[in-house]
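Good morning, and thank you for joining. I would ask everyone to open the structure alongside the sequence, and we shall go through it together.

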Amino acid sequence: MLYELVALILDGVSVRQGGQTWLDRVDLEFLDGLTTLIGPLGAGKTTLMRVAAGLRSPTTGRILVDGKDVSSVSVRKRSVAFVYQQFINYPSLTVYDNIASPLRSLPREQADARVREVAELMGLGEFLRRRPAELSGGQQQRTAIARALARPVDVLLLDEPLANLDYKLREQLRADLKTMFSGSRGVVVYSTADPAEALTFAAPTVVLGKGQVLHVGSVTEMYARPPTLEVARTLSDPPLNLLPGVVRDGRIECLGASFPAPRAHESGRAVRLGVHPHQVAISRSRAEQLAFPAEIRLAEVTGSATFLHLMLADDLHLVAHLEGTQVFEPGERTTAYVDPAHVFVFSDNGELLAASATEVDLHG
Amino acid sequence: MRRLPWARTVFWLYAATLMLPLLWMFGMSIRPNADILGAFSLVPQRVTLENYETFFTDSTWYSSYLNSIVYTSMNTVMSLVVALPAAYAFSRFRFAGDKHLFFWLLTNRMAPPAVFLLPFFQIYQSVGLFDTHLGVALAHMLFNVPLAVWILEGFMSGIPREIDETAAIDGYSLPGFFFRIFLPMIRSAIGVTAFFCFMFSWVELLIARTITSVDAKPIAATMTRTVSAAGVDWGLLAAAGVMTIIPGAILIWFVRNYIAKGFALGRV
């Protein structure tokens with residue numbers, strides 16, 4: 001183990017309260033640099049971040065920073081910074097004093113220089129004299145992030161910092177953060193429920209679900225070959241389409257359509273097929289595509305995209321993510337086409353059997 | 001919005017009914033006694049300031065006025081000093097019996113003040129608090145601290161806990177955070193609470209009169225003892241009445257925008 005690179009370790013951390021388990025024996029190593037933490041609502045992201053920061057103590061387990069056990073060290077004494085999903089600033093202090101508050105131990109000139117540097121970086125240069133309430137939501141969150149960045153810390157934790165921002169501000173701040181983290185020293189953990197954010201940062205990613213670590217690895221690889229159905233669902237926005245399938249004579253059958261099974265399975269085995277909405281088309285482009293007769297239920301138009309909600313046979317629901325603005329009438333009949341090359345095949349218990357028509361090497 | 005045809009009339013009728021006793025008192029305070037007891041007239045026949053002159057020159061009057069101001073101010077400050085940390089603890093920490101304690105605090109206010117007269121009188125006689133400003137201020141704390149804790153707790157619970165945590169992460173000590181970050185955030189709550197404490201202590205008569213005799217005698221007690229051999233000094237009494245309205249009126253001016261929230265104990 002490259003000891004000097006390991007900066008933050010969660011060792012068998014569990015958090016239980018009132019009969020509920022928020023984190024269940026989590027073992028994680030966060031290395032120097034950015035790590036993304038992704039999981040749906042209630043996965044335990046915030047609990048994990050709070051435990052890592054020292055804002056709450058784990059029921060069992062230890063937290064180590066640079067090899068030292070800090071489980072019992074008060075948060076006041078730790079070298080951490082935290083950014084909340086809500087815009088948390090000191091309302092009675094100016095933006096300048098907000099950013100300067102972690103720097104009180106520094107000499108005045110040094111602190112002043114640092115405040116101005118960070119404020120400039122976050123685009124707050126002209127707002128230093130204002131109070132947080134006089135800023136927009138985006139600027140308030142920028143202030144909170146600037147305060148977290150002001151003091152060099154071992155561990156910087158950002159808990160869904162962009163979740164409460166509107167779309168445009170989110171994109172802009174996301175891009176700013178990406179450049180910022182590339183130059184930072186120390187462990188940075190960034191939690192999000194938005195797959196687009198995790199994919200933008202393209203950093204080592206931890207997938208969390210129901211208080212447990214589901215998978216650790218590169219987010220782009222995970223997206224291309226999700227090891228389990230849960231991971232695939234967490235990384236798919238809009239939600240992953242799921243269809244039932246059965247293996248029969250070397251082919252996988254699904255609602256009357258079928259395609260060659262990517263690897264040999266015993267006949268009669270039930271599988272679950274996962275399809276990203278953007279892989280569903282309503283016009284045929286390749287002969288191998290699976291065709292499903294469908295009825296249009298609803299067309300959601302966002303401008304750059306149209307989300308078509310389809311009802312297949314057996315009351316199965318399928319969403320197609322189409323480019324551009326397209327007009328459909330509810331009740332119209334159409335055909336949904338899915339390329340078997342872009343179908344994830346999962347076993348009954350949610351393990352990946354095949355992705356992108358390539359066989360996955362699974363033991364057993 | 002369309003105006004109801006009678007709205008204006010009803011409003012002025014209501015306002016006049018409300019203001020009449022106050023205006024009448026003010027009118028009496030600037031008339032000589034002979035005028036007040038003479039033929040009824042809406043407008044003062046002779047305007048005089050001699051009632052106020054007596055109020056400010058006769059030591060029984062102005063000193064009891066000062067007594068009231070002194071013990072009321074002491075009580076307000078002391079109640080806040082005790083209630084602020086208590087309310088913070090109730091709003092932020094969970095401890096055994098916290099909810100019960102918080103609720104039962106209010107029972108002090110459920111009993112009529114008369115219940116406490118005898119114990120206070122006897123204890124104060126024996127420990128030397130009888131007829132002192134501190135004594136009255138302490139006695140009124142019995143009612144004001146629970147009220148102050150309730151109001152302040154309501155306001156404090158509206159402040160996100162994450163601010164406390166951020167301050168801890170930024171390395172503020174608890175007192176450092178409390179004085180530099182937290183108190184400025186609840187300025188309006190402190191103003192409203194101070195107003196309620198002041199007003200209770202200012203108008204409370206029963207306890208204040210019982211546990212004082214001369215040195216800390218409240219203005220309200222002096223006002224109930226104006227009947228002399230020469231009869232009641234109406235003008236002077238009215239002038240004293242006007243004077244007792246002034247401190248409350250000044251205070252309410254400063255906290256006028258937060259009073260409604262205060263009446264809801266900070267919970268709106």
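Let me begin at L152(B) in this predicted model. Setting aside its neighbours within four places in sequence, L152(B) is in contact with A83(B), L84(B), A87(B), A189(B) and T193(B). The residue also belongs to the largest nonpolar core, a set of 140 residues, where L152(B), A52(A) and L157(A) are those with the most contacts inside the core.

The unreviewed UniProt entry lists residues 12–30, 69–90, 102–124, 136–156, 177–203 and 234–255 of chain B under "transmembrane region". I have picked out two of these spans to set against the model. Residues 12–30 of chain B are 95% helix and 0% strand, with 25 Å between the end C-alpha atoms. For residues 102–124 of chain B, the figures are 70% helix and 0% strand, and the end C-alpha atoms lie 28 Å apart.

Next, the contact between the chains. Here 12 residues of chain B meet 15 residues of chain A. On the chain B side, α9 (161–169) and α10 (174–185) each supply at least two residues. The greatest contribution to that side is made by α9(B), with six residues. Sorted by class, the chain B side holds seven nonpolar, two polar and three charged residues.

That brings me to chain A as a whole. Its C-alpha atoms occupy a box of roughly 75 × 45 × 40 Å along the principal axes. The secondary structure of chain A amounts to eight helices and 22 strands. Of the 364 residues in chain A, 39% are buried. If we take the contacts in chain A between residues at least 6 apart in sequence, 64% of them join residues at least 24 apart.

The domain assignment divides chain A into domain 1 (3–229) and domain 2 (241–359). Over C-alpha atoms, the centres of these two domains of chain A are 37 Å apart. Their contact draws six residues from domain 1 of chain A and nine residues from domain 2 of chain A. The domain 1 side of that contact in chain A comprises four nonpolar residues, one polar and one charged.

I shall close with two pieces of strand architecture in chain A. For β18(A), antiparallel pairing with strand β17 of chain A, residues 305–311, is made through seven bridges. Within this pairing, A305(A) has E323(A) in β18(A) as its bridge partner.

Strands β9 (residues 204–209) and β10 (residues 212–218) of chain A pair in the antiparallel sense over six bridges. G209(A) is bridged to Q212(A) in β10(A). Two residues lie between β9(A) and β10(A), and K210(A) in the turn has a positive phi of about 50°.

Key
Residues numbered from 1 in each chain as written. Chains lettered and ligands numbered in written order. Predicted model: local features only at pLDDT ≥ 70, side-chain atom pairs only at ≥ 80, totals over all residues. Contact = placed C-beta atoms within 7 Å. Helix = DSSP H or I, 4+ residues; strand = E, 2+ residues; numbered from the N terminus. Nonpolar A, V, L, I, M, F, W, Y, C, P; charged D, E, K, R; others polar. Domains from an automatic or database assignment. Core = buried A, V, L, I, M, F, W, Y, C linked by C-beta atoms within 7 Å. Buried ≥ 20, exposed ≤ 12 C-beta atoms within 10 Å, placed from the backbone. Pairing = 2+ DSSP bridges. UniProt positions renumbered as here; feature names shortened; annotations may be inferred.
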